[in-house]
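User: I have a model open and want to go through it piece by piece. Can you take my questions as they come?

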Amino acid sequence: MGFDISREKLAALREKYPQGCRVELIKMDDPYREMPPGMHGTVTGVDDIGTVHVRWDNSCHLGAAYGEDRCRKLYGKEAVDALFEKIVGCRFRTCGEMEDWFREKLEDAVPHLEIRQCDSINWEVDNGITEIDYSTDCSFGEDIFGMDYADFTIDYIRDNEKRMYITYARWN
């Protein structure tokens, strides 16, 4: 096998897969143990050749070899809470740009993501029911981040260039 890995790539792997984070197996070719895609496990470390060592939920301790096997990091509700804080102050031209921002930050860990503008919020603003300018209905879908329904709302105002300036993001 013997893959060479740069110091920068090794540092990036260690940052991406810290000890204790959860991962999902994408592909592993092990002649001695059946390791089906979709299996989850907990990272125990990343060694000097880039192998991500995992304690899999089937009690097996096997590493995902750099350049050979593939796993992806699973994100929990807490990671999304941190993104809700980071998105405040960001500007987007479209809801699609916001979706792309979340996908990039979550490294495509979300199979379903929908962000759409709420038409009904304008009526609520006009009638003094709410103090926000605009709001979006958002969802990561069902059974993700340990939640039955991972629905959330993003509030924003429009700047002079008609971009959405995010003022608040929260779970529903």
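User: Which residue is the bridge partner of Glu142 in strand 9?
Analyst: Tyr149 is the bridge partner of Glu142 in strand 9. Strands here are DSSP runs of E with at least two residues, helices are runs of H or I with at least four, and both are numbered from the N terminus. This is a predicted model, where local features need pLDDT of at least 70 and side-chain atom pairs count only at pLDDT 80 or more, while totals for chains, interfaces and linings use all residues. Residues are numbered from 1 along each chain as its sequence is written, and side-chain values use heavy atoms, with hydrogens and water left out.

User: How many bridges join strand 8 to strand 9?
Analyst: Eight, with strand 8 and strand 9 (residues 147-158) running antiparallel. Two strands count as paired if DSSP finds at least two bridges between them. Tyr134 stands opposite Tyr156 in strand 9.

User: What about the turn in that hairpin?
Analyst: Two residues lie between strand 8 and strand 9, and Phe145 takes a positive phi near 60 degrees.

User: And on to strand 10, how many bridges from strand 9?
Analyst: Seven bridges join strand 9 to strand 10 (residues 164-171), again an antiparallel pair. Thr153 stands opposite Arg170 in strand 10. The two strands form a hairpin with five residues between them, and Lys162 in the turn has a positive phi of about 70 degrees.

User: What is the strand order in that sheet?
Analyst: The order is 6-10-9-8-7, five strands in an open sheet with antiparallel pairing. Strand 6 (91-92) and strand 7 are the edge strands, each pairing on one side only.

User: Switching to charges. How many salt bridges are there?
Analyst: The count comes to 13, taking a salt bridge as a side-chain nitrogen of Lys or Arg within 4 Å of a carboxyl oxygen of Asp or Glu.

User: Which parts does the Arg22 and Asp57 pair tie together?
Analyst: Arg22 lies in strand 1 and Asp57 in the loop between strand 3 and strand 4, so the pair ties together parts that are 35 residues apart in sequence. The N to O distance is 2.8 Å. Arg22 is partly exposed at 30% relative accessible area; the cut-offs are under 20% for buried, over 50% for exposed and in between for partly exposed, with a 1.4 Å probe and protein chains only.

User: What is the distance for Arg116 and Asp137?
Analyst: Their salt bridge is 3.5 Å, N to O. Arg116 is in strand 7 (residues 114-117) and Asp137 in strand 8 (residues 134-144), so this pair links parts that are 21 residues apart in sequence. Arg116 is partly exposed with 43% relative accessible area, and Asp137 is partly exposed with 32%.

User: Which residues are linked in a network of salt bridges?
Analyst: Arg91, Arg93, Asp159, Glu161 and Arg163. Within it, the side chains of Arg163 and Asp159 meet at 2.9 Å, N to O. Asp159 counts as buried at 15% relative accessibility, whereas Arg163 is partly exposed at 24%.

User: Where does Cys60 lie?
Analyst: Cys60 lies in the loop between strand 3 (52-56) and strand 4 (61-64). Why does Cys60 count as buried? Because its relative accessibility is 5%. Leaving out residues up to four places away in sequence, Cys60 touches Arg33, Met35, Val54 and Arg55, where contact means heavy atoms within 4.5 Å. Cys60 and Met35 are 25 residues apart in sequence and 9.2 Å apart in space, C-alpha to C-alpha.

User: Last topic, pockets. What is the volume of the largest pocket?
Analyst: About 370 Å³. A pocket here is an open set of points on a 1 Å grid over the protein atoms alone, where a 1.4 Å probe fits, with protein on both sides within 12 Å along at least five of seven lines; lining residues have an atom within 4 Å of a point. The volume is the space filled by probe spheres set on the points, which are joined across faces, edges and corners.

User: How many residues line the largest pocket?
Analyst: There are 22, and Leu13, Lys16, Tyr17, Arg70 and Cys71 lie nearest the centre. Helix 1 (7-16) and strand 5 (70-73) are the elements that give two or more residues to the lining.

User: What are the two faces of strand 5?
Analyst: Cys71 and Lys73 are on the covered face, Arg70 and Arg72 on the uncovered one. Strand 5 pairs antiparallel with strand 1 (residues 22-27) over four bridges, and Lys27 stands opposite Arg70.
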